[in-house]
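Visitor: I am new to this structure. Please show me how to read it, one feature at a time.

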Amino acid sequence: MELKAGAVVCRMLAGIAPMHLVVSEVTPTEIVCGPWRFDRRTGAEIDEDLDWGPPAKDTGSYIH
């Protein structure tokens, strides 16, 4: 399924805290949901302040 703006995704924080987010933008590499950015390939949250996201970095949040 191809995501586009307006779609609803589920963000899992630490694998236990679900949060429904609305997709605001999809780029070739990212899915943006308001202030949150996720890797389009893996669904991992991108947060430079926490050193989360690709390539081969840890993440504490992901969408599915």
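Guide: Start with one pair of residues. Glu-25 has Val-32 in β4 as its bridge partner. Keep in mind that this is a predicted model.

Visitor: How many bridges join β3 to β4, and in which sense do they run?

Guide: First the general idea. Strands of a sheet pair through backbone hydrogen bonds, either parallel or antiparallel. Here, β3 and β4 are joined by two bridges and run antiparallel.

Visitor: Which strands form the sheet with β3 and β4, and in what order?

Guide: The sheet is open and has four strands. Read the order as β3-β4-β5-β6, with antiparallel pairing.

Visitor: Which strands stand at the edges?

Guide: β3 (25–26) and β6 do. Each has a single partner strand, so one side of each is left without a neighbour in the sheet.

Visitor: Where do β4 and β5 lie, and over how many bridges do they pair?

Guide: β4 covers residues 30–33 and β5 covers residues 36–39. They pair over four bridges in the antiparallel sense. Take Glu-30 as an example: its bridge partner in β5 is Asp-39.

Visitor: What should I look for in the hairpin of β4 and β5?

Guide: Look at the turn. Two residues sit between the strands, and Gly-34 takes a positive phi near 60°.

Visitor: And what of the hairpin of β5 and β6?

Guide: That hairpin has five residues between the strands. Gly-43 takes a positive phi near 85° there. The strands themselves, β5 and β6 (residues 45–46), pair over two bridges, again in the antiparallel sense. Find Phe-38, and opposite it in β6 stands Glu-45.

Visitor: Which strands form the three-stranded sheet?

Guide: They are β2, β1 and β7, in the order β2-β1-β7. This sheet is open too, and its pairing is antiparallel. Its edge strands are β2 (17–22) and β7 (61–63), each pairing on one side only. Ignoring direction, neighbouring strands in this sheet are turned by 25° against each other on average.

Visitor: How many bridges join β1 to β7?

Guide: Three bridges join them, and the two strands run antiparallel. β1 spans residues 8–13. To see the pairing, look for Met-12, which stands opposite Tyr-62 in β7.

Visitor: Let us turn to side chains. Is Glu-45 buried or exposed?

Guide: Compare its relative accessible area with the cut-off. Under 20% counts as buried. Glu-45 has 4%, so it is buried.

Visitor: What does Glu-45 contact, leaving aside neighbours within four places in sequence?

Guide: Its contacts include Trp-36, Trp-52, Gly-53 and Thr-59. Ser-61 is among them as well. The side chains of Glu-45 and Ser-61 are joined by a polar contact of 2.9 Å.

Visitor: With which residue does Glu-45 form a salt bridge?

Guide: With Arg-11: the closest N and O atoms are 3.1 Å apart. This pair links distant parts of the chain. Glu-45 is in strand β6 and Arg-11 is in strand β1, 34 residues apart. Both residues are buried.

Visitor: How many salt bridges does the count come to?

Guide: The count comes to four salt bridges. In one of them, the side chains of Arg-40 and Glu-2 meet at 2.1 Å, N to O. Arg-40 lies in the loop between β5 and β6, and Glu-2 in the segment before β1, so the pair ties together parts that are 38 residues apart in sequence.

Visitor: How exposed are Arg-40 and Glu-2?

Guide: Arg-40 is partly exposed, at 31% relative accessible area. Glu-2 counts as exposed, at 56%.

Visitor: Which residues are linked in a network of salt bridges?

Guide: Glu-30, Arg-37 and Glu-48 are. Arg-37 is partly exposed at 26% relative accessibility. Glu-30 is buried at 18%.

Visitor: Last, which residues make up the largest nonpolar core?

Guide: It has eight residues: Ala-7, Val-9, Leu-21, Val-23, Ile-31, Cys-33, Phe-38 and Ile-63. Beyond its neighbours within four places in sequence, Ala-7 is in contact with Leu-21, Val-22 and Val-23.

Notes:
Residues are numbered from 1 along each chain as its sequence is written. This is a predicted model: local features need pLDDT of at least 70, side-chain atom pairs count only at pLDDT 80 or more; totals for chains, interfaces and linings use all residues. Side-chain values use heavy atoms; hydrogens and water are left out. Two strands pair if DSSP finds at least two bridges between them. Axes are lines fitted to C-alpha atoms, for helices over the stretch in contact, and angles run from 0 to 180 degrees between N-to-C directions. Buried means under 20% relative accessible area, exposed over 50%, partly exposed in between (1.4 Å probe, protein chains only). A polar contact is a pair of N or O atoms within 3.5 Å; within protein, one must be able to donate a hydrogen and the other to accept it, and residues adjacent in sequence count only if both atoms are side-chain atoms. Contact means heavy atoms within 4.5 Å. A nonpolar core is a set of buried Ala, Val, Leu, Ile, Met, Phe, Trp, Tyr and Cys residues joined through side-chain atoms within 4.5 Å.
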